[in-house]
Amino acid sequence: MPSPIEGFSKLAKEEKIRWIAEQYTHDPEVSSSLIKTYWNNDTALQQLHDEFIENTLTNFYLPLGIAPNFLINGKLYAIPMAIEESSVVAAASKAAKYWLSRGGFTTKVLGTEKIGQVHFMYQGDPNRLKAFVEHIQPLFLSETQSITKNMVARGGGIKKVELRDKSRDLKDYYQLHCTFETLDAMGANFINSCLEQFAKTLQREASTSSILQAEERHLEIVMSILSNYVPQCLVRAEVSCPVEDLGSVGGIGAHEFAEKMMRAISIANIEPFRAVTHNKGIMNGIDAVVLATGNDFRAVEAGIHAYASKDGTYKSLTHASLENDVFRFWIEIPLALGTVGGLTSLHPLAKLSLEILQKPSAEDLMGMVAVAGLAQNFGAVQSLVTTGIQQGHMKMHLLNILNQMEATDQEKKKLVEHFKKHSATHSAVVDALQELRKSS
């Protein structure tokens with residue numbers, strides 16, 4: 001039975017590996033060897049990766065692929081995608097190629113406002129608190145100047161600090177609801193630094209305020225933290241064309257295909273069980289680009305799923321219409337991204353991905369990420385309403401199954417050819433491999 005350990009973080013990497021392998025794996029020697037197999041031969045590069053997080057043992061690889069032929073606002077892009085799931089890059093590439101000859105994708109950034117909050121408890125008259133916060137507004141700006149001066153010089157900074165009374169939801173609970181512009185930085189550290197100073201200013205000034213009564217001057221600061229829900233940091237991406245230009249898709253005519261697409265989106269808009277899987281497919285595309293560019297895909301996920309629920313039920317993130325014989329397909333999502341700072345400036349492949357994307361601004365990247373999600377959804381829904389999802393997905397999954405079965409290169413070559421004409425279910429692949437081996 002494993003024993004607790006003190007000071008694990010202080011151990012050398014080799015010692016950490018030895019401990020985890022001996023305490024928690026069946027064959028410590030094999031486990032240690034596997035861990036070291038994934039080290040980079042460049043020691044400086046490996047050290048860089050080791051220092052991204054705490055208690056690093058090794059690297060965990062994800063494939064970095066490219067989805068080419070994205071025409072976005074009249075410019076051609078190849079989009080890097082880091083993801084492990086079969087068919088995602090293929091589906092995005094297929095959708096990009098489909099829309100390349102139909103005008104491509106257009107994007108528009110609708111807002112770039114980010115949010116942070118100081119949460120605090122106050123027992124007293126709300127009107128006096130409101131007057132007090134209005135009175136110290138200039139201090140919020142002056143006492144954060146050392147933090148904000150560089151951001152302000154570039155055109156960003158603090159936009160607004162306002163008091164919100166939430167005491168009806170939770171007794172004595174109030175907040176400073178603050179908005180920021182962080183330009184090409186995601187801005188988490190900048191926002192949190194500002195918020196912590198706001199909290200200090202608020203608490204200090206309250207303790208001696210003549211506006212508040214003596215019993216009201218003790219404010220309890222609960223926490224100061226940015227929000228990953230950014231409903232005013234919005235981007236829209238869309239495709240459109242005359243319906244007849246859709247052509248025959250999956251063996252059905254253009255008008256029927258458009259109608260099927262719209263019905264599928266309508267179902268995802270009213271049925272949460274479908275909407276979750278529908279939006280998960282969208283996130284396949286979004287997360288892959290966010291991860292490839294060194295951004296925080298967990299923050300993006302949380303904010304987007306909150307946005308999908310903004311009307312009280314969980315709904316589709318994409319929309320479709322057919323008006324005046326023009327088919328439109330679009331997405332509108334909140335995205336807080338950065339192209340400077342954090343891993344975007346440290347991770348060599350993140351830097352390369354941004355170079356491949358022609359060194360975009362944060363607003364440009366917002367559009368590209370939204371396009372990736374829209375393309376992924378178009379490809380998935382197109383398959384669902386025509387041939388079904390498994391036909392394409394299982395053929396892309398074929399190599400994973402064959403690798404699990406330890407197929408040789410020659411066996412892979414023969415079976416890939418075989419399943420160009422047959423349905424590639426898991427059991428069918430297993431049976432075909434067994435038959436191939438019997439006949440050899």
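The buried residues of helix α5 are covered by parts of the chain that include β4 (114-121), α6 (137-142), β5 (157-165), β6 (173-181) and α8 (188-207). Here "contact" means heavy atoms within 4.5 Å, and "buried" means under 20% relative accessible area, with exposed over 50% and partly exposed in between (1.4 Å probe, protein chains only). Helices (H or I, at least four residues) and strands (E, at least two) are DSSP runs, numbered from the N terminus. The model is a predicted one, in which local features need pLDDT of at least 70 and side-chain atom pairs count only at pLDDT 80 or more, while totals for chains, interfaces and linings use all residues. Residues are numbered from 1 along each chain as its sequence is written, and side-chain values use heavy atoms, with hydrogens and water left out.

Back to α5 itself, then. This helix spans residues 126-135, and its buried residues are L129, F132 and V133. They sit on the same side of α5, because they cover an arc of only 95 degrees around the axis; that arc is taken from the directions from the helix axis to the C-beta atoms. Turn to the other side of α5 and there are N127, E134 and H135, which are exposed. The N-terminal end of the helix has a cap, too: a side-chain oxygen of D125 lies 2.8 Å from the backbone nitrogen of N127. For reference, a polar contact is a pair of N or O atoms within 3.5 Å; within protein, one must be able to donate a hydrogen and the other to accept it, and residues adjacent in sequence count only if both atoms are side-chain atoms.

Two strands pair if DSSP finds at least two bridges between them. Strands β5 and β6 run antiparallel and are joined by 8 bridges, with K160 partnered by T179 in β6.

What about β4? This strand is mostly covered, with 8 of its 8 residues buried. Both of its faces are covered: K114, G116, V118 and F120 are buried on one side, and I115, Q117, H119 and M121 on the other. β4 pairs with β6 in the antiparallel sense over 8 bridges, where H119 has Q175 of β6 as its bridge partner. With β7, β4 is joined by 6 bridges, again running antiparallel, and here Q117 is partnered by I225 in β7.

Another open sheet has 4 strands in the order β3-β8-β10-β9, paired antiparallel. Its edge strands are β3 (106-109) and β9 (318-323), each of which pairs on one side only. The twist in this sheet averages 20 degrees from one strand to the next. β3 pairs with β8 (residues 234-242) in the antiparallel sense over 4 bridges, and T107 stands opposite A237 in β8.

Finally, the aromatic rings. Rings of Phe, Tyr and Trp (its six-membered ring) pair if their centres lie within 6.5 Å; planes under 30 degrees apart count as stacked, over 60 as edge-to-face and the rest as tilted. By this rule, the count comes to 15 aromatic pairs. One of them is F180 with F190: the ring centres are 6.1 Å apart and the planes stand at 85 degrees, so the pair is edge-to-face. Since F180 lies in strand β6 and F190 in helix α8, the pair ties together parts that are 10 residues apart in sequence. Both F180 and F190 are buried. F329 and F378 also form an edge-to-face pair, at 5.7 Å centre to centre and 65 degrees between the planes. This pair links distant parts of the chain, with F329 in strand β10 (residues 326-334) and F378 in helix α13 (residues 362-385), 49 residues apart. F329 is buried, at a relative accessible area of 0%, and F378 counts as buried at 1% relative accessibility. Y98, W99, F257, F327, F329 and F378 form one aromatic cluster.

Technical notes: Axes fitted to C-alpha atoms, helices over the stretch in contact; angles between N-to-C directions.
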